[in-house]
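Hi everyone, thanks for coming. I'd like to walk you through a structure this morning, so please have a look at the screen and follow along with me.

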Amino acid sequence: MALIKCHECGGDVSTDAERCPKCGAAPKKKASAIVKFGGGFIAVMMAIAVLGFLFSDPKPSEAGRFSEQVPQVAEVNADAQKASCKKDLQCWGDKGVGTAGVYCRDQIEKLATHSMRWTDRFAEPKFSRFRWLDKDRATVTFSGDKAEFQNGFGAYTTVTYECDFDQDSKQVFDVRVREGRLP
């Protein structure tokens, strides 16, 4: 409980009192924080709406015609970039390493006589190297050593695996596995 001054007579009034003990005037109610925040929020939203209207495009029909042409140009550029990338081993291998990890995985797992486990970490690619299988067809051989196969005694042995893969058709041509790590 605190004392405040009466707005009518200037006398001391308790914050809990409903009326001034001297003059009987009701104390002025202060606006709550919620009401103040709500008013400020509405003012800001109105200002944003006005600014959005002022800076909007006055001729949306012209902008619509331009945006219809952009996808055609983007498609031509994407096709040209893909054709250029297919000729460069580093570019084509980097683009296909994730896809090859998905499509080749099951084929590699089927080569295990007993159990097998992957040793790669989360978001780490299964393949660390790649080379051309057939440059003219843009097919790549991906290789890695992030797996262990279980032998007949229950011990796990690190293996190196290879996958011949065509990125365009998502086709696995062949997979091979041998014991050991990549050199």
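Let's start with Ala123, which is exposed, with a relative accessible area of 73%. Bear in mind throughout that this is a predicted model. You'll find Ala123 in the loop between β3 (116–118) and β4 (129–134). What is the phi of this residue? For Ala123, phi is near 65 degrees, a positive value in a residue other than glycine.

Now please move along to Lys170. Here too we have a residue that is not a glycine and yet has a positive phi, about 55 degrees. Lys170 sits in the loop between β6 (156–166) and β7 (171–179). As for the surface, Lys170 is partly exposed, at 38% relative accessible area.

From the loops, let's go to a strand. Thr141 belongs to β5, residues 139–150. Is Thr141 buried or exposed? With a relative accessibility of 1%, Thr141 is buried, since the cut-off for that label is under 20%. Its side chain has a polar partner, though: there is a polar contact of 2.6 Å between the side chains of Thr141 and Asp164. If we set aside neighbours within four places in sequence, the residues in contact with Thr141 include Phe130, Leu133, Glu162, Cys163 and Arg176, as well as Asp164 itself.

Where is the kink in α3 centred? It is centred on Val97, and the bend there is about 45 degrees. Val97 is also one of the buried residues of α3, and others among them are Trp92, Gly93, Gly96, Ala100, Gly101, Cys104 and Ile108.

Two of those names come back in the core. The largest nonpolar core has 21 residues, and the ones that touch the most other members are Cys104, Ile108, Phe127 and Phe142. Two or more residues come from each of α3, β3, β5 and β6. The largest share, five residues, is the contribution of α3. In soluble globular proteins, nonpolar side chains tend to be buried together.

Let me finish with Ile108. Which residues is Ile108 in contact with, leaving aside neighbours within four places in sequence? They are Trp118, Phe127, Phe149, Tyr161, Val175 and Val177.

Key
Residues are numbered from 1 along each chain as its sequence is written. This is a predicted model: local features need pLDDT of at least 70, side-chain atom pairs count only at pLDDT 80 or more; totals for chains, interfaces and linings use all residues. Side-chain values use heavy atoms; hydrogens and water are left out. The bend at a residue is the angle between axes fitted to the seven residues ending there and the seven starting there. Helices (H or I, at least four residues) and strands (E, at least two) are DSSP runs, numbered from the N terminus. Buried means under 20% relative accessible area, exposed over 50%, partly exposed in between (1.4 Å probe, protein chains only). A polar contact is a pair of N or O atoms within 3.5 Å; within protein, one must be able to donate a hydrogen and the other to accept it, and residues adjacent in sequence count only if both atoms are side-chain atoms. Contact means heavy atoms within 4.5 Å. A nonpolar core is a set of buried Ala, Val, Leu, Ile, Met, Phe, Trp, Tyr and Cys residues joined through side-chain atoms within 4.5 Å.
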